[in-house]
Amino acid sequence: MRWTVVVLPWLWMWFDFELGCEAVRHQLVRETITDNNIVDGTYFHLQASKTGKWLALSQEETWMLVLVDDQPPEDRQFSMHRWGKEQVQIRASNGKWLWVENGGGNGATVMATSDEESIAAWETFTLEPIGSSQVRILSVDNSSCVGYSSDTWNWDMLRTFSCERGQIGVAEDTKVGWEGKDVIWNVVRGVQRLEPIIKGASLGGWLVLEKWMTPEIFKAGAEEAQDQWSWSEMLGYERAQELLDYHFSQFLNLRDDMTWLAQHNFTAVRIPVGYWMFLSREELREMGVPYTAEGAEYLDAAFTQAAANNLDVVLCLHGAPGSQNGMQESGHLGDEAHWAESDHIERTLHILETIVQRYTGRPNFLGVGVLNEPKGNMDLATLNSFYTDAYDRLSAIDPTILLWMSDSWRAGALAGYGFIPQRPRVVVEAHVYQVYLEEDIALTPEEHNAKAREFWGEEFAFQMKHRLIGAGEWALALHTSTWEGYDDEKKMDGFRQYALAQMEAYSRGIGWFFWTYKV
């Protein structure tokens with residue numbers, strides 16, 4: 001009995017896509033900002049080139065700029081903003097603008113105290129390229145260099161030193177007239193980027209059942225069930241376990257499917273999981289839930305086969321205790337989401353710890369989505385608290401993996417995402433479907449392509465100045481009215497163009513996962 005339709009291979013064959021790179025391990029990297037890639041609003045850190053010390057706000061006096069040995073965290077960085085054609089303004093993490101006492105000179109103090117409303121010349125700087133990867137920071141009239149003394153004077157804060165634009169050439173570097181003073185800086189992007197861009201596929205419908213994706217398994221004795229909860233309840237534990245074992249082994253051929261993905265230059269897979277997979281039958285019975293403690297060993301095998309094909313793995317907690325959205329993909333369909341009630345949040349954190357502990361050390365464990373698609377009206381303070389706790393507790397186990405945090409359907413309009421912690425390795429997870437809103441239903445195919453490239457592409461590019469963002473899910477689903485008047489050939493070409501537009505847009509973030517590989 002064959003229960004699946006192979007969606008992604010069929011599409012790739014029909015569209016003749018070429019992703020353009022081989023599957024390789026992803027890694028977070030930082031890049032040095034030079035005169036050629038300074039972008040307005042970019043977050044960055046400044047590193048003194050001679051001593052390797054980093055610029056930071058003093059913890060004692062928040063207006064004071066000091067040099068520290070270790071690179072400050074991403075929530076304590078600076079942002080660069082263009083001022084006219086050649087100058088920039090620099091904003092500290094306390095929201096204040098940097099300015100120079102008296103406009104500059106020898107020994108003038110550089111502070112972070114100026115409010116946005118009082119922007120003036122003394123708050124502007126010129127970045128003078130030194131070689132291909134470093135800059136000098138000149139104040140106001142280009143006759144003072146921002147730096148600090150590393151000699152016996154031992155200046156304890158950022159100051160300016162008399163200089164002249166162009167005085168120090170590449171060959172001279174810091175040798176002439178600048179002994180002991182750091183005035184040349186590495187400007188390092190505060191937000192890391194991922195190399196290569198993720199080009200991934202989601203393995204939806206495999207370990208977490210969704211009736212629309214795998215209707216045949218629901219016909220095997222529980223056709224009236226609408227979700228995995230009621231399906232398990234109607235079948236009973238042993239029968240559900242028997243059917244799940246068959247489904248898990250047949251829905252995917254892990255060796256063949258992982259090989260196909262690697263051969264077609266995908267770089268990662270995203271695998272939805274449910275909390276019940278990581279508990280025992282006794283624990284589930286104690287909780288009073290009907291799920292089957294089944295699936296973790298198949299997930300282990302998926303990691304192994306993915307690794308054999310050089311594919312990285314992102315896990316996503318689709319099914320959380322209490323249901324975070326009342327949808328099928330959470331395991332429990334209903335009008336309400338009860339995740340924020342009782343002890344469900346703490347149980348979720350414990351399950352996430354169990355997952356990370358199980359797979360930390362796997363070389364292809366790229367990250368985990370801590371909560372899939374929490375309901376759009378979820379209290380943001382609750383989400384922020386949960387995300388913060390998840391970051392702290394999971395980072396204590398594995399400080400290398402990416403932590404994907406759902407935007408809770410609040411993406412778009414250059415959203416601030418203030419409820420998602422701005423921490424290293426945190427990825428804003430956006431799910432993009434231009435099919436549900438009335439404004440999207442009214443779009444033509446060409447307008448859908450334009451929205452993907454211009455709206456979502458700009459959104460992802462904007463966010464990448466401040467934080468990591470990726471498309472955790474995207475698809476080709478559009479309203480049927482979109483294709484009125486299109487014959488099959490024209491319709492398929494329209495789908496191809498829509499796919500290309502989306503891949504281009506989401507590649508302006510850290511990448512994407514197509515939903516879904518099979519149904």
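Author: Residues are numbered from 1 along each chain as its sequence is written. In this predicted model, local features need pLDDT of at least 70 and side-chain atom pairs count only at pLDDT 80 or more, while totals for chains, interfaces and linings use all residues; side-chain values use heavy atoms, with hydrogens and water left out.

Reader: Why is the pair of Phe-460 and Tyr-506 called tilted?

Author: Rings of Phe, Tyr and Trp (its six-membered ring) pair if their centres lie within 6.5 Å; planes under 30 degrees apart are stacked, over 60 edge-to-face, and the rest tilted. Here the centres are 5.5 Å apart and the planes at 40°, so the pair is tilted.

Reader: What makes Trp-474 and Phe-514 edge-to-face?

Author: Their planes stand 80° apart, with 5.0 Å centre to centre, and the cut-off for edge-to-face is over 60. Both residues are buried (under 20% relative accessible area, with exposed over 50% and partly exposed in between; 1.4 Å probe, protein chains only).

Reader: Which aromatic cluster do these residues belong to?

Author: Trp-474 and Phe-514 share one aromatic cluster with Trp-260, Phe-266, Phe-460, Tyr-506, Trp-512 and Tyr-517.

Reader: How do you know that Lys-490 lies over the face of Tyr-486?

Author: A charge sits over a ring if NZ of Lys or CZ of Arg is within 6 Å of the ring centre and within 35 degrees of the ring normal. Lys-490 lies over the face of Tyr-486 at 4.5 Å from the ring centre. Likewise, the charged end of Arg-410 sits over the ring of Phe-419, 5.8 Å from its centre.
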